[in-house]
Amino acid sequence: MLKLCGFRVSNYHNKVLIALYEKGVAFEEDSNCFPSQEDEYLAKSPMGKVPYLSVDGTLLRESGVILEYLEDAYPERPLLPKDPLERARVRELLAFMELHLELVVRRLYGGLFFGRPYTDETKSEVERGIAKGVRAFKAVARFEPFLAGPALTLADCAAFVHLPIVSMATRQAYGRDALEDIPQLKPYLKMLGERPAFARVNEGRKAAQAEMAARAKK
């Protein structure tokens, strides 16, 4: 039995959750697992991160590794193309989004979401980095109608959870959405959001955010 552990505000947890729903895999979810450096948690997730996946008691960590496992173990509803080159292009998109977009703007999260200040130098470095990432992403994204071509892939599972955060973070930090010059993006995200798996995860995220906000006010 599969058990996914994480929390529903995490984009990396939600990326895996979308893939599980799209693949129609039976699983359990523990949505009350939060990043921690406590010994008990580190025994399950050595980096203290989310998500992690229990496969009949054996634990897998890192969302990318989990997605690759799901693709290998449950190939009936594939989220990677059969052609090796096309599979590589999906992985390329994943790398561009996570290394050159989401990871870059993550340096702003402390100030934007938790009130921890960042320096002007950090803000400038992120702005330069995100400009490079957007340029690269625009060069490889296809929108035909999905990100990697005509079929839904793991790249779409990631795009749906990462790209809105990039937009929100850059809009708040710089007064401008770094992705606003990609005209296909809004209709693409709307299309994904109408799929049951994506809509289900999005509703779960909104509910979890509302719950966290309510707790913070107490």
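Tutor: Two strands count as paired if DSSP finds at least two bridges between them. The model discussed here is predicted.

Student: In which sense do β3 and β4 run, and how many bridges join them?

Tutor: Strand β3 covers residues 52–55, and strand β4 covers residues 58–61. Within this pair, Ser 54 stands opposite Leu 59 in β4. The two strands run antiparallel, and the number of bridges joining β3 to β4 is four.

Student: Which residue in the hairpin of β3 and β4 takes a positive phi?

Tutor: Most residues other than glycine have a negative phi. The hairpin has two residues between its strands. The positive value there is near 50 degrees, and the residue that takes it is Asp 56.

Student: Which residue in the loop between β4 and α3 has its place there, and what is the phi of Glu 62?

Tutor: The loop between β4 and α3 holds Glu 62. Glu 62 is a residue other than glycine, yet its phi is positive, near 75 degrees.

Student: Which residue in β3 is the bridge partner of Lys 3?

Tutor: Strand β1 runs antiparallel to β3, and four bridges join the two. Lys 3 belongs to this pairing, and its bridge partner in β3 is Ser 54.

Student: In which sense do β1 and β2 pair, parallel or antiparallel?

Tutor: Strand β1 comprises residues 2–5 and β2 comprises residues 27–30, with four bridges between them. Leu 2 stands opposite Phe 27, and Cys 5 stands opposite Asp 30. The sense of the pairing is parallel.

Student: What distance separates the centres of domain 1 and domain 2?

Tutor: The domain assignment gives domain 1 as 2–73 and domain 2 as 84–216. Taken over C-alpha atoms, their centres are separated by 20 Å.

Student: How many salt bridges does the rule find across the interface of domain 1 and domain 2?

Tutor: Side chains of opposite charge can pair when their charged atoms come close. The side chains of Lys 15 and Glu 98 meet in a salt bridge, with N to O at 2.7 Å. Across the interface the number of salt bridges is three.

Student: How many residues apart are Arg 107 and Glu 125?

Tutor: The count of salt bridges by the rule comes to 15. Among residues in salt bridges, the side chains of Arg 107 and Glu 125 meet at 2.9 Å, N to O. This pair links distant parts of the chain: Arg 107 is in the loop between α4 (84–105) and α5 (109–114), Glu 125 is in helix α6, and they are 18 residues apart.

Student: What is omega for the cis peptide bond that joins Val 50 and Pro 51, and for the one that joins Glu 144 and Pro 145?

Tutor: Most peptide bonds are trans. Pro 51 lies in the loop between α2 (39–42) and β3, and Pro 145 in the loop between α6 (120–140) and α7 (154–174). For Val 50 and Pro 51 omega is about 0 degrees; for Glu 144 and Pro 145 omega is about -5 degrees.

Terms used: Residues numbered from 1 in each chain as written. Predicted model: local features only at pLDDT ≥ 70, side-chain atom pairs only at ≥ 80, totals over all residues. Heavy atoms only, no water. Domains from an automatic or database assignment. Salt bridge = Lys/Arg side-chain N within 4 Å of Asp/Glu carboxyl O.
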